[in-house]
Amino acid sequence: DMDMPVDHIRLHEAGELDPARWGARGARLATLARLGVPVPRGMLLSTALVTRITDIGADRVFAGQIAGRIAALGDDVLLSLRSSPPKPEWGGPEALLNIGVTDARLPAITQRVGRKGALELYFRLIEGYGTMVEGLDPEDFENLVADQMKVWSVGSEGELPAEARAALADEAKALYADETGHPFPQEPADQLCAAVDAMARNWNSVSARLLRQSHGAEEDAGLALIMQRMALGVGQGACGAGVVHMVDERSGLPSVTGRWLPQAQGYDALMGLRTPHLITTDARKAARQTAPSLEEQAPEALAELREHYTTVANGLGDAHGFEFTVEEGQLWVLDAILSPRSARATVRIATDLARSGAISREEALLRVEPRTLIEHLHPQIDPAAPRDVFGAGLPASPGAATGRIVFTPENAVQVQAQGDAAILVRVETSPEDIRGMHSASAVLTVRGGMTSHAAVIARGLGLPCVVGASDLRLDLRAKAIVTQDGRTFTEGALITVDGTRGEVVAGAPAMIPPELDGAFETLMSWADQVRTMGVRANADTPQDARTARSFAVDGIGLCRTEHMFFHEDRITVMRKMILADTTEARQAALAQLLPMQRDDFVELFGIMRGLPVTIRLLDPPLHEFLPHSREEMMELAEEMDLSVREVTERSNGLSEFNPMLGKRGVRLGVTMPEIYEMQARAIFEAAAIVNTQNLEQVVPEIMIPLVSANREVEVVKARVDDIAGQVMAEREVSLTYRLGIMVETPRAALRAGDLAKSCAFFSFGTNDLTQMTYGLSRDDAGRFMRDYVNQGVFAEDPFHSLDIEGVGELLLLAARRGRRTQKELMLGLCGEHGGDPGSIHFCKLAGFDYVSCSPFRAPIARLAAAQASL
Ligand code: PEP
Ligand code: MG
């Protein structure tokens with residue numbers, strides 16, 4: 001061996017190898033051999049050696065050593081030559097099998113596998129060699145086979161008799177000689193050298209270079225080669241080839257699946273025309289297959305494969321199946337292949353591997369893409385099902401649901417009451433639609449972006465939702481959705497909203513139900529042990545809070561109190577309060593709202609059992625609460641003892657040109673102090689009630705929205721402190737609470753150092769902060785966001801995935817300035833980005849204490865936060 005070039009190594013003596021030098025397959029086979037898996041013996045040629053072969057030819061590199069070595073193996077030993085690129089996706093020439101069959105060696109090979117088998121191997125070699133080395137057309141060879149099948153009137157190649165195979169071998173030799181002008185080489189060493197040269201040449205062809213460079217290969221990426229003894233799947237006794245996997249692709253649970261082809265040559269044959277058989281007897285029976293299974297033909301081989309599965313899973317740290325050959329009952333493994341798996345199976349496999357010690361828990365956590373957990377949480381359209389997509393928009397809330405089209409929230413309630421599923425279709429939604437959304441199975445809007453009303457509410461409810469489906473038109477008079485090419489879907493028609501992909505599909509495609517299995521729970525518990533950043537939920541109602549608790553959040557990071565005012569029994573009181581023209585009238589209405597709010601908070605605190613609850617004081621512009629239809633105006637006029645005209649006038653008086661930048665948030669709090677005072681009182685009274693009932697003491701966190709100046713905080717803080725003092729005195733209790741602000745205007749971020757003086761915490765409202773940093777309306781972005789992302793203007797929708805470079809810089813700056821003033825300042829994020837893994841990673845790096853997201857995204861956030869800690 002010493003005089004052979006140094007850049008080669010025996011497979012069974014190699015141990016751990018570097019894939020960059022020996023190729024991925026070469027390194028893997030060496031590991032399999034080390035693990036005791038029966039890999040046929042062989043030799044690896046390094047990338048450096050193959051490069052030398054490219055330069056001066058295999059003949060000169062091997063310097064006459066090959067012939068003697070092949071001879072020493074014996075006349076009945078055949079070789080395979082396979083390529084081994086450093087990365088599988090870099091391509092590489094196809095394998096050449098059966099190297100070494102010659103006229104002179106045919107008798108010895110016949111001894112080993114019988115005459116028919118030997119002749120078949122010869123034919124396959126001439127075909128493969130002719131194709132690879134001489135560039136002949138494989139079809140010409142296949143035509144020879146087809147002709148013989150006609151002559152012998154057989155339906156499959158396997159039924160051809162030995163005479164036919166003899167004729168085929170002769171015909172192949174003749175074809176080869178005719179086409180190339182020289183006879184088929186009769187020296188095994190010549191066959192091998194020519195094949196090695198051909199592979200090296202192929203690797204350097206322009207098309208091969210372009211292909212691999214498109215997959216990230218460097219200019220000078222090399223190819224390694226594997227020469228191996230052939231395990232022959234043809235011959236006497238149990239012979240054949242197959243591929244097997246030991247875990248189910250869908251579930252990840254143990255299950256033996258695969259294909260087995262008796263009397264066949266390697267995996268390559270399985271890809272061909274013959275129908276392979278199933279592996280186990282059970283599967284064979286289930287498929288009503290009459291041909292024998294591997295389990296029936298070579299039970300020991302199957303038992304051995306099961307054992308190797310465990311060894312290899314431990315050794316390679318992942319679930320692998322096998323390509324294998326059985327020769328006279330003896331198993332040979334040709335390669336291990338990563339078992340394919342669904343998102344759900346990925347979790348099962350990773351946790352099983354960690355449980356068995358094959359990988360660490362940390363590794364298991366890193367193996368699961370957080371986003372893919374949505375498959376555990378929501379029904380999905382079966383990826384295999386045909387889908388008739390008639391509309392597309394933004395994937396605002398994941399999962400899929402089928403139902404009947406309705407165009408109004410009232411209809412959604414009706415359809416649901418009849419026991420049917422409703423798909424609420426709107427131009428866009430507003431707070432009035434909430435009840436309808438509760439009754440709907442999915443929501444589709446023509447307008448809106450990722451943080452539009454519909455998107456935010458649907459995510460909170462766990463409803464599939466597509467927004468900004470701007471290629472659809474709503475003909476509300478005809479009660480129909482109209483597509484650009486004129487298809488119409490009328491009220492009551494069955495459609496499916498796929499909020500995972502952002503598609504609207506006609507009819508009811510097959511679905512996969514969600515499943516929170518043990519593996520999911522295990523992974524989540526590991527994530528919680530690892531993560532150091534909190535995950536809270538955005539939860540407005542007791543129902544949200546219960547959902548949030550079921551997903552094991554660390555608290556509520558955002559309770560949007562305005563959502564409490566849209567209930568039927570409250571909206572009228574709310575409207576009275578808003579339209580009141582005197583402080584007394586306003587206070588009377590507020591006095592009616594107070595007990596309602598207090599009850600809400602009592603319930604919320606009760607559900608959260610001492611976990612932190614951040615309550616945001618009223619935020620939206622008041623006109624959002626006002627009636628829109630004439631009927632509603634009339635109703636309200638009657639309630640308030642006013643004329644319809646007066647109600648209309650007062651409502652109109654509240655309208656603004658640009659309400660999102662108008663009198664909302666803290667601006668309401670400063671100019672109409674009674675509202676925040678009522679809310680503060682409701683919060684403190686609720687805390688007092690709960691604290692006397694429960695052991696767990698509530699420490700309410702009160703949050704002021706849309707702050708931009710320090711004085712705003714001082715004004716509100718003084719009043720809130722005052723109310724706290726009053727409630728404590730009235731109820732003779734002591735209460736602790738924290739007051740903080742939402743940082744959601746650029747000015748608040750810039751002035752964070754100053755603002756932190758009066759705050760216990762900052763919660764970044766990245767929805768508004770993104771809107772204001774870009775100058776991009778969150779409710780209108782849906783109209784062009786898809787175009788922007790498709791054209792690469794934005795890498796991603798900044799309302800979905802935090803814009804690290806821009807908005808992120810404001811976050812960092814505010815965090816730094818805030819903490820410089822106040823070391824203990826608690827930092828959180830409660831925009832929709834709190835459920836986005838990339839954004840969560842950023843928050844961890846920025847030193848945030850928690851992120852807050854809609855309850856259904858909490859598992860994703862918990863896993864992403866864990867990964868960010870690793
Ligand atoms: C935000 O602006 O990020 C936020 C959480 O508040 P809202 O979405 O209610 O404006
Ligand atoms: Mg906001």
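Modeller: Let's start with ligand 1: β25 (556-560) and α33 (766-774) each give at least two residues to its shell. Bear in mind that this is a predicted model, where local features need pLDDT of at least 70 and side-chain atom pairs count only at pLDDT 80 or more, while totals for chains, interfaces and linings use all residues. Residues are numbered from 1 along each chain as its sequence is written, and chains are lettered from A and ligands numbered from 1 in the order in which they are written.

Colleague: Which residues surround ligand 1?

Modeller: L558, R560, D619, E744, G765, T766, N767, D768, C830 and G831. A residue is near a molecule if its C-beta atom, placed from the backbone, lies within 6 Å of it. By class, 2 are nonpolar, 4 polar and 4 charged; Asp, Glu, Lys and Arg count as charged, and Gly is among the polar ones.

Colleague: Where does UniProt place the feature "binding site"?

Modeller: The unreviewed entry has it at E744 and D768. They're spread over 25 residues of sequence, yet they cluster in space, with a largest C-alpha distance of 5.4 Å.

Colleague: Why is E744 called buried?

Modeller: Buried takes 20 or more other C-beta atoms within 10 Å of a residue's own (exposed is 12 or fewer, partly exposed in between). E744 has 26 such neighbours, so it counts as buried. D768, which sits in helix α33, has 25, so it counts as buried.

Colleague: Where is E744 found, then, and what is it in contact with?

Modeller: E744 lies in the loop between β28 (738-743) and α31 (746-750). Leaving aside neighbours within four places in sequence, its contacts are P705, L706, F764, G765, D768 and L769. Contact requires C-beta atoms, placed from the backbone, within 7 Å.

Colleague: How do you know that β3 and β5 pair?

Modeller: Pairing needs at least two DSSP bridges between the strands. Here 6 bridges join β3 (residues 79-84) to β5 (residues 224-229), which run antiparallel, and S83 has L225 of β5 as its bridge partner.

Colleague: What is the order of the strands in the open sheet of 5?

Modeller: β1-β2-β5-β3-β4, with antiparallel pairing. β1 (8-10) and β4 (96-99) are the edge strands, as each pairs on one side only.

Key: Helix = DSSP H or I, 4+ residues; strand = E, 2+ residues; numbered from the N terminus. UniProt positions renumbered as here; feature names shortened; annotations may be inferred. Contact = placed C-beta atoms within 7 Å.
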